[in-house]
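User: Hi! I am new to protein models and would like to learn how to read their features. Could you take me through this one step by step?

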Amino acid sequence: MSNKAFRTLVALAFGAAIPGIASPGTAQGPTSAITDSGATPLTSVTITATRSPRQVILTPNPVIVVDSTRIRGSLANGSAELLREYPGVDITGSGANQGRPIIRGQRGQRILLLEDGVRLNNTRRQQDFGELPGLVGLDGLDRIEVVRGPASVLYGTDAIGGVINLINSDPAFSRGEPRLTGLLRYRYSSNDQQKRPSGALNAQFPRFSLAAAGAFRNARDYEAPAGSFGNLALANDTRVNGTGVKDDNMSLQGAVKIQDNQELLARFSRYSATDAAFGFVANTDLGTPNAPSIDIRYPDQKYVKTSVRYRSNSLAFPFADRTYVVAYTSGNDRSLTLNVFVPFGPGTPPGAGVSVKTRNLTDVNTVGFRAEAAKSFWKQVLTYGADFFRDRSNNSDSAVTTVIGFGPPRPQTNDTATTPNASFRSTGLFVQTEAALTDRVSLVAGTRWQTVTAKTRATPKVTTPLIESSDNAVVAAGNALFRVAENVNLIASVGRAFRSPNLIERFFNGAAPEGNGYQLRNPDLKAETSIDVDFGIKAGYQGVYGEAFFFRNSISNGIRIAPTGTKVGQFAAFRNVNVERLRDQGVEMLLQAALPAGFTIGSSYTKIDSKNISNPLNPVGDSYSSKVTGSLGWKDSGGRFWTEYLVRANGRRKDVALGKSPIGPVLPGFTVHSLRGGAKLFSTGALEHGVNFSLNNLTNRLYAEFANASFFRPEPKRSAAISWTTSF
């Protein structure tokens, strides 16, 4: 097995088109039930990139904003599935809830996932394996904002490849009499026979707001279509095991308007999932009966989060015009089982091999806060603040290893935790200025200091001494916007980002789950750092918008698993080390236009080139090499009906380490087509009714997204989804 496959499995066990970037104007909240297609982003506003509201065209960063109408109209299973339609973004993982985003070739812990500006990343996961965006339900989102490129100045560790901010709807207050709004929605999809009822209620008063939302999903394993993909062929429609799930989201939110432009909000949310898995196709279906079989499952996961937020936009203090303070706590409990069978191969008795059955229980409790303030003076805005979080992890493991084929099986049991109980503590200070240097030139520049400390705690059956390791980082970024003409802006940015090694990378010590290696701890790992450069242009006129960016992201002290040249018992030893310089560079382009008679068109092009500068013979690409998307949409003049055709083409990729994948040495290109639409149907009293539909993989093509190719997990066959919404 290749080093990359070894690396991926350790991480797993322990750890289309461009419609509108956003619809113009204010995005609708969850009680705006009837959705329609997107439009050009000339007036869309983002806050994630700079922490102050800016129109997308005036933001000196490459950003994506997806509003609530787009989210609901897509009928996507999750945010990662939706975002792969946009430039620079890809997906890893398969099934109803396991999709995770990739931005500009970076994934896992190099992408920072936020909810309302608060981190969701879990320091108990390894670098290749990020947290589930599904922890935050799509139904309650006001919008999704994506920053392509580093954002460590504002958000700290992990923001090397980019940031995804899942933003819930703000509290709504009535202007007079109390008001009750709500919705009921039911979604069904054919291939996985998915049933998903959901609902929301919002009670609005002049000074108070109460909201509740919930959703339940029951999805079965889907099927991939018959066909060929590279050297692999499926004779019949084939089940992709472990792609179903039973999960649910719920949230409760209360807000008080202290004064105009001052509010206090408390929010409680919960996510739970059972019967989830990473997805796999049986070796007999792949025609590789002698290959290792790997079944990674998540019997249950529970995530609970409570936060209290104060926000004011109308202070008159000498040091602040607006403030934002949030304190939060969360608990993330997860169980994981891994069943691996590795056959010994020729020269051994039939059926001989090693069976490894592993169970891991992880409980991560987090406390944290973020406080920031902004002050306007002269022609600039100064934003400054501090943040802190502490993850406290409790772990237990059990592993049963059995050699089969050489006499009676003799299972060996080990219940020593491979990662000891530990904590991860981070404290940061940041400051950023936004200045208008001239009528045509504006600048955003900032810096952050952050310190991280990770330490083990006493753990049953772990006899090694307690370990403490820490690192400090100072990062900075500068973004410039030059207005060439009205709505034509040149963008230039340079930034330094970092990612501190997490608990798995520092402290994991145990046999690899597939039974062919032993990973040693390395508490002396240094933080990964990166330098990113972007040059681009944003331009718009009336109903036309376009942008183009060139980027280069160079990572130093890249953390990779590497052989030590020694053995632990019968296993070859490996260790995470800082050895690599990695570089991702590419081009992202987007063009959208509103045409007469309600038609819209859109297209994008993305090209990514990933290199291992330290070892060019070891490819490190984790995403497609190129992607082209296109869309044609229509909406009637009254806004009652809309439809949209989408196409996405991923180019073939040679510079890739697929290991022993049955696909072959080259990842094939593919093209997929889909169709969406919706209608506002009718009203009955205060009730409004609407429907949305989608038809995916219209040509019934067998294909796998790049990150799902080496451990082959193909996408679903042709399928349909429909949702009915009733709102009041």
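User: Are Arg104 and Asp532 buried or exposed, and how do I judge that?

Analyst: Both Arg104 and Asp532 are buried in this predicted model. Buried means under 20% relative accessible area, exposed means over 50%, and partly exposed is in between, with a 1.4 Å probe and protein chains only. Before we go on, residues are numbered from 1 along each chain as its sequence is written. Local features need pLDDT of at least 70 and side-chain atom pairs count only at pLDDT 80 or more, while totals for chains, interfaces and linings use all residues; side-chain values use heavy atoms, with hydrogens and water left out.

User: Which residues meet in a salt bridge at 4.0 Å?

Analyst: A salt bridge is a side-chain nitrogen of Lys or Arg within 4 Å of a carboxyl oxygen of Asp or Glu. The side chains of Arg104 and Asp532 meet that way, at 4.0 Å from N to O. Arg104 sits in the loop between β5 (100-103) and β6 (111-115), and Asp532 in strand β30 (residues 528-541), so this pair ties together parts 428 residues apart in sequence. As for those labels, helices (H or I, at least four residues) and strands (E, at least two) are DSSP runs, numbered from the N terminus.

User: What does Arg110 pair with?

Analyst: Arg110 forms a salt bridge with Glu528, at 2.6 Å from N to O. Arg110 is in the loop between β5 and β6 and Glu528 is in strand β30, so the pair ties together parts 418 residues apart in sequence. Arg110 is buried because its relative accessible area is 2%, and Glu528 counts as buried at 0%.

User: How many salt bridges are there by this rule?

Analyst: The count comes to 39 salt bridges. One of them joins Glu372 and Arg370 at 3.0 Å, N to O; Glu372 is buried with a relative accessible area of 6%, and Arg370 counts as buried at 5%. Salt bridges can also link up: Arg104, Arg148, Asp532, Asp534, Glu547 and Glu588 form a network.

User: In what order do the five strands of the open sheet run?

Analyst: Two strands pair if DSSP finds at least two bridges between them. Here the order is β3-β8-β9-β6-β7, with mixed pairing. β3 (63-67) and β7 (118-119) stand at the edges with a single partner strand each, so one side of each has no neighbour in the sheet. β3 pairs with strand β8 (residues 141-148) in the antiparallel sense over five bridges, and Val65 has Glu145 as its bridge partner in β8.

User: Which residues make the nonpolar surface patch?

Analyst: Patches are made of residues with over 30% relative accessible area and no salt bridge; like charges are joined within 9 Å, and nonpolar side chains (Val, Leu, Ile, Met, Phe, Trp, Tyr) within 5 Å. Accessible areas come from the Shrake-Rupley method with a 1.4 Å probe, and for residues only the protein chains shown count as cover. This patch covers about 580 Å² and is made by Phe205, Phe208, Leu210, Val256, Ile258, Leu264 and Val308. The elements giving two or more residues to the patch are β12 (208-219) and β17 (245-259). Phe208 lies in strand β12 and is partly exposed, with a relative accessible area of 47%.
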